[in-house]
Amino acid sequence: MKFTVKSNDLISAINKVISVTPTRSTLPILSNLFFSLEGKELTIMGSDLEVYIEVKMNVDGKSDGQVALPAKKLETLLQNLSGKELNFDLQNGYKTVIKTKGGKWTLTGEDPNDFPMPAEVEDSKEIDISGALITRYLPKAIHAASSDELRRSMNGVYFEIKKGEFKVVATDGHRLVKIINSNFEYEGEKTTMLVPIKTCQLMTKLFKGKPGNEAEPAAEGEEISESQKVKVFFSNEFLKCSFNNVTINSRLIDDTFPNYESVIPNDNEKILKVAKNDLIGSVKRSIILSDQVTNKTSFSISESELKVRAANNEYGTDADETIDCSFTESEEFEIAFNGKYLLEAIQHFEAEELLFDFSTPLKASIIRPSEQRENEDLMMLVMPVRNI
């Protein structure tokens with residue numbers, strides 16, 4: 001295997017792949033990255049056996065070949081060779097020589113045949129999903145998924161796809177996010193999948209860029225266009241999705257997602273309207289002085305004022321702020337939340353004003369934007385804590 005490549009292009013590709021390389025594993029080969037050159041196309045792959053990331057890039061290929069190279073050593077070396085042209089030469093014993101105009105470095109690789117390959121997605125279905133939906137919806141949903149491995153059915157984001165509709169849902173039993181796009185181009189039968197949190201995080205991170213210029217990521221805050229599609233293949237067990245030059249292979253969670261609709265109240269008639277940024281600032285400050293176990297933040301709501309309160313009796317600290325609002329009830333209403341859960345929810349809304357739908361102080365509250373995007377229905381649910 002021989003090829004020439006610009007170091008910055010190779011570093012960019014490796015940075016995408018190495019995020020799944022385990023620092024410790026019972027299978028030592030996984031501490032390597034798999035390299036395969038065919039013609040002008042170099043494929044680099046990393047894996048932890050649950051998730052595989054594969055990146056393809058164009059190089060000046062001179063002879064084909066394969067090798068598994070130590071991930072961390074290679075990454076560290078390349079970070080110190082920024083802006084240089086690199087010549088790779090695979091020699092006997094999987095020794096790989098890297099040359100620049102002024103230097104030479106040798107890495108000892110491993111047999112590429114020992115590197116495990118992702119399972120074939122047999123009898124798969126195929127769907128194209130807008131990259132804009134993936135990179136917009138998944139960050140909003142991931143925060144509500146459970147990280148408790150004993151609650152496997154909640155360790156991911158639930159996708160539900162049917163004619164004209166794309167839905168994502170996540171919950172950990174204390175909070176829930178549901179987003180529906182009602183203008184989804186799909187004519188097939190209803191299908192569902194439960195995608196692990198890690199896979200969703202990687203999709204959010206890696207499925208960005210501009211067509212025809214895979215090395216150039218989307219700018220911070222820049223949304224991917226609706227026309228850029230993520231190609232998704234999936235079976236009952238596996239998911240394979242590709243965008244630009246990146247492919248992610250992942251196992252799906254083989255469990256039944258909870259009946260989330262049963263916990264969403266439909267009789268919350270007390271409506272609070274409040275400026276998002278005012279509320280974010282107030283909740284952030286309340287968390288600092290709240291009980292560090294419960295993070296309890298209390299709301300006392302009147303027709304035009306929202307009092308946000310918190311206290312930590314152990315340290316003698318408290319917070320008490322008043323912000324403007326509008327409330328549909330004339331009688332004062334009190335409710336309390338885990339402040340961290342509440343903050344994580346409201347920070348994911350773009351609207352300048354938020355609507356809270358309440359019923360009683362012990363029933364779930366619903367948070368919505370004051371104005372929904374076209375063809376979109378976004379809601380988040382947060383369970384209250386006892387206000388005592």
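I take buried to mean under 20% relative accessible area. The model I am reading is predicted.

Entry, helix α3. I looked up how covered this helix is and found that eleven of its twelve residues are buried. Among them are G131, L133, Y137 and I142. R136 and K140 also count as buried.

I then checked the length of α3, residues 131-142. Twelve residues at 1.5 Å each should span 16 Å, and the end C-alpha atoms lie 16 Å apart, so the two values agree.

At the N-terminal end of α3 I found a cap, S130. One of the side-chain oxygens of S130 sits 3.1 Å from the backbone nitrogen of A132.

Entry, the sheet. I traced an open sheet of nine strands, paired antiparallel, in the order β14-β11-β12-β13-β26-β25-β24-β18-β22. Which strands stand at the edges? They are β14 (191-196) and β22 (326-327); each has a single partner strand, so one side of each lacks a neighbour in the sheet.

I followed β14 to its partner β11, residues 156-162, and noted six bridges in the antiparallel sense. In this pairing G156 is opposite P196 of β14.

Entry, helices on the sheet. I looked for what lies across β11 and β14 and found helix α4, residues 197-206. The direction of α4 is at about 90° to β14. Helix α5, residues 276-288, also packs on the sheet, where α5 touches β18 (270-275) and β24 (353-358). I noted an angle of about 90° between α5 and β18.

Notes:
Residues are numbered from 1 along each chain as its sequence is written. This is a predicted model: local features need pLDDT of at least 70, side-chain atom pairs count only at pLDDT 80 or more; totals for chains, interfaces and linings use all residues. Side-chain values use heavy atoms; hydrogens and water are left out. Two strands pair if DSSP finds at least two bridges between them. Helices (H or I, at least four residues) and strands (E, at least two) are DSSP runs, numbered from the N terminus. Contact means heavy atoms within 4.5 Å. Axes are lines fitted to C-alpha atoms, for helices over the stretch in contact, and angles run from 0 to 180 degrees between N-to-C directions. The expected span of a helix is 1.5 Å times one less than its number of residues. Buried means under 20% relative accessible area, exposed over 50%, partly exposed in between (1.4 Å probe, protein chains only). A polar contact is a pair of N or O atoms within 3.5 Å; within protein, one must be able to donate a hydrogen and the other to accept it, and residues adjacent in sequence count only if both atoms are side-chain atoms.
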